[in-house]
Amino acid sequence: MEKIILVQLDGGQERKIRRMAESKKIQVIVIGQGIRDDVTVGQLLDASNQDLVSDSQNKIPGESLVLFSDVSEKHFDKLLFEMRSAKIDVDYKAVVTKTNINWPLCRLFSELDREKRQYQSSIK
């Protein structure tokens, strides 16, 4: 099943992406602030999982993330185009893979940050 996980997006961006996804019959899972950093990517895919939030200091960074899971290439391309056209600003976009599905979120964010810095240094 096609899913999009929205992590720490502001309300306006969340609503826009939700409308885009739902028009394509893509399930949307919204994860707000305070999510634990040890939650795995795979756990996020289980929309019924309620044990993701923590009062402790072990929370993921404040950046936003759109995570695509089993989204068809056609829908993926359309969503990225629509997000760009709507000027939706998201810190990171990623796809769930066999490699990262078991990663804790702190590792995913760390890897995305490393890739972003590497890309930015290569275009200077």
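**Reading salt bridges and strands**

Q: How does arginine 114 count by relative accessibility: buried, partly exposed or exposed?
A: A residue is buried under 20% relative accessible area, exposed over 50%, and partly exposed in between (1.4 Å probe, protein chains only). Arginine 114, at 38%, counts as partly exposed, and glutamate 111, at 21%, is also partly exposed. This is a predicted model, where local features need pLDDT of at least 70 and side-chain atom pairs count only at pLDDT 80 or more, while totals for chains, interfaces and linings use all residues. Residues are numbered from 1 along each chain as its sequence is written, and side-chain values use heavy atoms, leaving out hydrogens and water.

Q: What do the side chains of glutamate 111 and arginine 114 form?
A: They meet in a salt bridge at 2.4 Å, N to O, a term for a side-chain nitrogen of Lys or Arg within 4 Å of a carboxyl oxygen of Asp or Glu. Both residues lie in helix 4 (residues 105-122), three residues apart, about one turn of the helix; helices (H or I, at least four residues) and strands (E, at least two) are DSSP runs, numbered from the N terminus.

Q: Which parts does the pair of glutamate 82 and lysine 24 tie together?
A: The closest N and O atoms of this salt bridge are 3.0 Å apart. Glutamate 82 lies in helix 3 and lysine 24 in the loop between helix 1 and strand 2, so the pair ties together parts 58 residues apart in sequence. Lysine 24 is buried, at 13% relative accessible area.

Q: In what order do the strands form the sheet?
A: Two strands pair if DSSP finds at least two bridges between them. Here four strands form an open sheet in the order 2-1-3-4, with mixed pairing. Strand 2 (27-31) and strand 4 (92-95) each have a single partner strand, so one side of each is left without a neighbour in the sheet.
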